[in-house]
Amino acid sequence: MLKKENIIKIKILFICLIAVSCVGKPPTTIGNYTDCPDKPNCVSTKNSYSTTYIEPIRYDGSRAEAKKLLLLTLESFGVSSVKNEKDNFIYVEFVSKIFGFVDDVEFYFNKPGVIEFRSASRIGYSDLGVNRNRMESIRSKFNVLAKSEM
């Protein structure tokens, strides 16, 4: 018979294993603005004909101003971490609070006045709309900040 103490240790070990397995490895395609896979856990501004399509973020002003506003917007989310930033690119990881699932988000400043992006869950098939909802929230907060900066 297992003692109550041992059962608790087994439960803690199980939870730790689940948490570690939710992280996964960063994709090797980061920075290449690739298409979303045929899974509902990804949204992108790249393919307007796909169910994974989402409208880009539009802005007035310079790229530098837009990047600054985007970084301020991302700070307000608190569960994000900027992993790479270049002149025309920002790579961010979002980590879910409960299970530690990691989503990779790439922002591209390749066209004047437009921020294109791709947001995908690192593991699994469905994300229950988390990436789409987050990106819509980012767009909304970005637009509010942009208006307040005018």
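A residue is called buried at under 20% relative accessible area, exposed at over 50% and partly exposed in between, with a 1.4 Å probe and protein chains only. This is a predicted model, in which local features need pLDDT of at least 70 and side-chain atom pairs count only at pLDDT 80 or more, while totals for chains, interfaces and linings use all residues. Residues are numbered from 1 along each chain as its sequence is written, and side-chain values use heavy atoms, with hydrogens and water left out.

- Lys46 pairs with Asp35, their closest N and O atoms lying 3.6 Å apart.
- Asp35 is partly exposed at 38% relative accessible area, and for Lys46 the value is 38%, also partly exposed.
- Arg58 and Glu55 form a salt bridge at 3.8 Å between the closest N and O atoms; Arg58 is partly exposed at 49% relative accessible area, and Glu55 is partly exposed at 41%.

**A buried pair and its network**
- Glu93 forms a salt bridge with Arg122, with 2.7 Å between the closest N and O atoms.
- Both Glu93 and Arg122 are buried.
- A network of salt bridges links Glu93 and Arg122 with Lys83 and Asp104.

Terms used:
Salt bridge = Lys/Arg side-chain N within 4 Å of Asp/Glu carboxyl O.
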